[in-house]
Amino acid sequence: MATQITESNFDAEVLNSPVPVLVDFWATWCGPCKMIAPIIDQLAVEFEGKAKVVKADVEACGNLAQRYGVRSVPTLLFIKGGQVVDTVVGATSKDNIAARLKACL
């Protein structure tokens, strides 16, 4: 299962993570977000120990969304060493997300 993060633990969980992190910016009212939610949770299990998979609700994490220029959801950020190294906007396939996450390892 992907971990829910907040603005208060984002730096510790994401920017200071020793492993790459996939951040899923989502919203409860977003259809495409609901479509990829099971994929995000599957990847959290598959990459456990190699990468971290977290979710940030844009309603609860508005400052984070603004900081990273999230204008539509879902937006997936791939962060390594505290820096965004890849971004996907909109729903996409599990294979595409997994390949991008593997590229960060």
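The side chains of Glu13 and Lys52 meet in a salt bridge, with 3.3 Å from N to O. Glu13 belongs to helix 1 (residues 10-15) and Lys52 to strand 3, so this pair ties together parts that are 39 residues apart in sequence. The model is predicted, and its salt bridges come to five.

**Salt bridges**
- In the Glu13 and Lys52 pair, Glu13 is partly exposed at a relative accessible area of 28%, and Lys52 is partly exposed at 22%.
- Lys55 and Asp24 form another salt bridge, their closest N and O atoms being 3.0 Å apart. This pair links strand 3, which holds Lys55, with strand 2, which holds Asp24, across 31 residues.
- Lys55 counts as buried at 9% relative accessibility, and Asp24 counts as buried at 1%.
- Asp86 forms a salt bridge with Arg100, with 2.8 Å between the closest N and O atoms. Asp86 lies in strand 5 (residues 83-89) and Arg100 in helix 4, 14 residues apart.
- Asp86 is partly exposed, with a relative accessible area of 23%, and Arg100 is partly exposed at 25%.

**Helix 2**
- Helix 2 covers residues 31-46; at 1.5 Å a residue its 16 residues should span 22 Å, and the 24 Å between its end C-alpha atoms agrees with this.
- A kink of about 35 degrees lies at Ala37, shortly before the proline Pro38.
- The buried residues of helix 2 are Cys33, Ile36, Ile39, Ile40, Asp41, Leu43 and Ala44.
- These buried residues pack against strand 2 (21-26), strand 3 (52-57), strand 4 (75-80) and helix 4 (94-104).

Technical notes:
Residues numbered from 1 in each chain as written. Predicted model: local features only at pLDDT ≥ 70, side-chain atom pairs only at ≥ 80, totals over all residues. Heavy atoms only, no water. Helix = DSSP H or I, 4+ residues; strand = E, 2+ residues; numbered from the N terminus. Expected span 1.5 Å × (residues − 1). Bend = angle between axes of the 7 residues up to and from the residue. Buried < 20%, exposed > 50% of the residue type's maximum accessible area, 1.4 Å probe, protein only. Contact = heavy atoms within 4.5 Å. Salt bridge = Lys/Arg side-chain N within 4 Å of Asp/Glu carboxyl O.
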